[in-house]
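Please read the following points with the coordinates open. They cover the sheets, the strand and helix packing, and the aromatic contacts.

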Amino acid sequence: MKTALVLGAGGFIGSHMVRRLKAEGYFVRGLSRNAPRHDESEADVFWTCDLREPHNNMFRGIDAVYQFACEVGGLGYITDKNNDAEMLRNSTLIDLNVLEACRINKVPKVFFASSACVYNAPNKRFYAEADAYPANPANEFAWQKVFAERLYRAHADNFGMEVRVGRLFNTYGTGMTWCGGREKSVAALCRKIAQAKTGAVIEVWGSGGQTRAFTHVDDTVEGIWRLMQSDVREPVNIGPQHEVTIRDLVKAISKVARKEVFCSFGDGPAGVSKICSDNTLIRQKLGWEPHIDIETGLEQVYPWVKEQVDKAALAA
């Protein structure tokens, strides 16, 4: 039986990756700084530890590593300059320790979760993989991802590792962080609408005209799985080639919630004005691309967020 190690297995995407690997017949070790927040991990073995410190023995006998562990959050977290040193230091320490453990234990294949945040070009709408250079990230979280991609590639070139890099676009789904300051836009807006009364005004950062490629977690996991089965060595976008404005996202959530709300646009970080995925490469190399539209995804995701909001209100 093949063995996989999922780093960040207690987190949102990591927990879904564990479930997929189990379905594919793997023995799965999960490793995370924190225990799963919502449901018990489905990993065969789950360890809680801090990857900012070396844990080389936990990588022994592993056929594939899936690396999601990093300091991450929504725009409210990653654009706060007070968090820059924490993001750069912690994520880089994690990646260095992961790669050294993979090198020492001769792990055959490693997946690294990069981000569409590496893209930031004036007047650009759809980003192909080559558009990451010349590098011009908008924040330190994104700069760390640019550096980490090169770090993984250098280890692949120098030590014979098989490395796969997926640039993930705005992943959402059940189990995502929905409160506390590190939640992303889909989660934050689902929470605000769940908490609001019909006819209430909710705060939305920016003009509402910003566009994003929102990826349901099932598509993200499918793309990662397909990438790991391939021989593709360059970074690959994993996101839908379909843009949604923040204003339309609010409307879509309101429709699922069956609740009319009004928006107050303005204060708060809005991020880049447009960032959507050019899927030419993933179609060519993997014969597939993400396909779950935001309306379908929200039919599953909004009720889950509403459930969390209701539970928190009862516990207060």
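Are Tyr119 and Tyr127 buried or exposed? Tyr119 is buried, and Tyr127 is buried as well; buried stands for under 20% relative accessible area, exposed for over 50%, and partly exposed for values in between, with a 1.4 Å probe and protein chains only.

1. Basis of the note. This is a predicted model, in which local features need pLDDT of at least 70, side-chain atom pairs count only at pLDDT 80 or more, and totals for chains, interfaces and linings use all residues. Residues are numbered from 1 along each chain as its sequence is written, and side-chain values use heavy atoms, with hydrogens and water left out.

2. The seven-stranded sheet. An open sheet of seven strands has the order S3-S2-S1-S4-S5-S7-S12, with parallel pairing. Strands (E, at least two residues) and helices (H or I, at least four) are DSSP runs numbered from the N terminus, and two strands pair if DSSP finds at least two bridges between them. At the edges are S3 (45-48) and S12 (236-238), each of which pairs on one side only. On average, neighbouring strands of this sheet are turned by 20° against each other, direction ignored.

3. Strand S1. Five of the five residues of S1 are buried. Thr3, Leu5 and Leu7 point one way from the strand, while Ala4 and Val6 point the other way. S1 pairs with S2 in the parallel sense over five bridges, and Thr3 stands opposite Phe27 in S2. With S4, S1 has four bridges, also in the parallel sense; here Val6 stands opposite Tyr66.

4. Helix H1. H1 (residues 12-23) lies across S1 (3-7), S2 (27-32), S4 (64-67) and S7, and runs at about 170° to S1. Axes are lines fitted to C-alpha atoms, for helices over the stretch in contact, and angles run from 0 to 180 degrees between N-to-C directions; contact means heavy atoms within 4.5 Å. A right-handed β-α-β unit is made by S1, H1 and S2: with the strands pointing away from the viewer, the path from the first strand over the helix to the second runs clockwise.

5. The S7 and S12 end. S7 (residues 162-168) and S12 run parallel and are joined by three bridges. Arg167 stands opposite Asn237 in S12.

6. Aromatic pairs. The whole structure holds six aromatic pairs, counted where ring centres of Phe, Tyr and Trp (its six-membered ring) lie within 6.5 Å, with planes under 30 degrees apart taken as stacked, over 60 as edge-to-face and the rest as tilted. One of them is the tilted pair of Phe68 and Phe111, at 5.8 Å centre to centre and 50° between the planes. Phe68 is in the loop between S4 and helix H2 (75-78) and Phe111 is in S5 (residues 109-115), so the pair ties together parts 43 residues apart in sequence. Both Phe68 and Phe111 are buried. Tyr119 and Tyr127 form a stacked pair, at 5.0 Å centre to centre and 20° between the planes. Ring pairs also link Tyr66, Phe68 and Phe111 into a cluster.

7. Charges over rings. Arg103 lies over the face of Phe159, 5.6 Å from the ring centre, and Arg182 over the face of Tyr77, at 3.9 Å. The criterion is NZ of Lys or CZ of Arg within 6 Å of the ring centre and within 35 degrees of the ring normal.

8. The four-stranded sheet. Four strands form an open sheet in the order S6-S15-S10-S13, with mixed pairing. Its edge strands are S6 (126-127) and S13 (244-245). S6 and S15 (residues 274-277) run parallel and are joined by two bridges, and Tyr127 stands opposite Ser277 in S15.
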